[in-house]
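Trainee: I would like to learn how to read a few structural features. Could we work through them one at a time?

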Amino acid sequence: MAGIASKGSSMVNSFLGQLRPQMDVFWKYAKVELTPPSPGDVGAIRDGIGKLIKGAQSGSYKNLTVREAWLNTLVTMEVCFWFYIGECIGKRHLVGYKV
């Protein structure tokens, strides 16, 4: 029985040793990507929305390459999926609201 416990603890230590570098990379990117926008970012957000509106009005979206259009489609789908997941979490049910 002691042999199993020592093997188990050595496996856990080995797993944690392998997991550590990956978690360090995850936390490095999480600290940058998952922070809310700062007041300094508001100007850039406003400029981006302005460019989006001007592009829709001028029809510049017609001059996109297939790759750019595909990437824009994937980003739009990702935003919609995250919205749907947030809705499911908020109502605590997959379909409809519990009354």
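Mentor: Start with accessibility: a residue is buried under 20% relative accessible area, exposed over 50%, and partly exposed in between. W27 has a relative accessibility of 48%, so W27 counts as partly exposed. Bear in mind that this is a predicted model.

Trainee: How many aromatic pairs does a search of the whole structure find?

Mentor: The general idea is that two aromatic rings pair if their centres lie within 6.5 Å, and that planes over 60 degrees apart count as edge-to-face. Here the search of the whole structure gives 1 aromatic pair. The partners are F26 and W27, with 5.2 Å from centre to centre and 70° between the planes, which makes the pair edge-to-face. F26 belongs to helix α1, residues 2–33. Its relative accessible area is 43%, so F26 is partly exposed.

Trainee: Which residues make the nonpolar surface patch of about 710 Å²?

Mentor: For such a patch, nonpolar side chains are joined within 5 Å, and each residue needs over 30% relative accessible area. In this model the patch is made by W82, Y84, I85, I89, L94 and V95. Take Y84 as an example: Y84 sits in helix α3, which spans residues 66–91. Y84 has a relative accessible area of 46% and is therefore partly exposed.

Trainee: Next, cysteines. How many disulfides does the structure hold?

Mentor: A disulfide is a covalent bond that links the sulfur atoms of two cysteines. To count here, the two sulfur atoms must lie within 2.5 Å. The structure holds 0 disulfides. C80 is in none, and the nearest cysteine sulfur to C80 is that of C88, 13 Å away. C88 is likewise in no disulfide, its nearest cysteine sulfur being that of C80.

Trainee: Are C80 and C88 buried or exposed, or in between?

Mentor: C80 is partly exposed, since its relative accessible area is 46%. C88, at 12%, is buried.

Trainee: How far apart in space are V66 and D24?

Mentor: V66 and D24 are 42 residues apart in sequence, and 36 Å apart in space from C-alpha to C-alpha. V66 is in helix α3, and V66 counts as exposed because its relative accessibility is 73%. A second pair is F26 and T65: they are 39 residues apart along the chain, with 32 Å between their C-alpha atoms.

Conventions:
Residues numbered from 1 in each chain as written. Predicted model: local features only at pLDDT ≥ 70, side-chain atom pairs only at ≥ 80, totals over all residues. Heavy atoms only, no water. Phe/Tyr/Trp six-rings, centres within 6.5 Å; stacked < 30°, edge-to-face > 60°. Buried < 20%, exposed > 50% of the residue type's maximum accessible area, 1.4 Å probe, protein only. Patch = residues over 30% accessible without salt bridge, like charges linked within 9 Å, V, L, I, M, F, W, Y side chains within 5 Å. Areas by Shrake-Rupley, 256 points an atom, 1.4 Å probe, with all protein chains shown as cover. Salt bridge = Lys/Arg side-chain N within 4 Å of Asp/Glu carboxyl O. Helix = DSSP H or I, 4+ residues; strand = E, 2+ residues; numbered from the N terminus.
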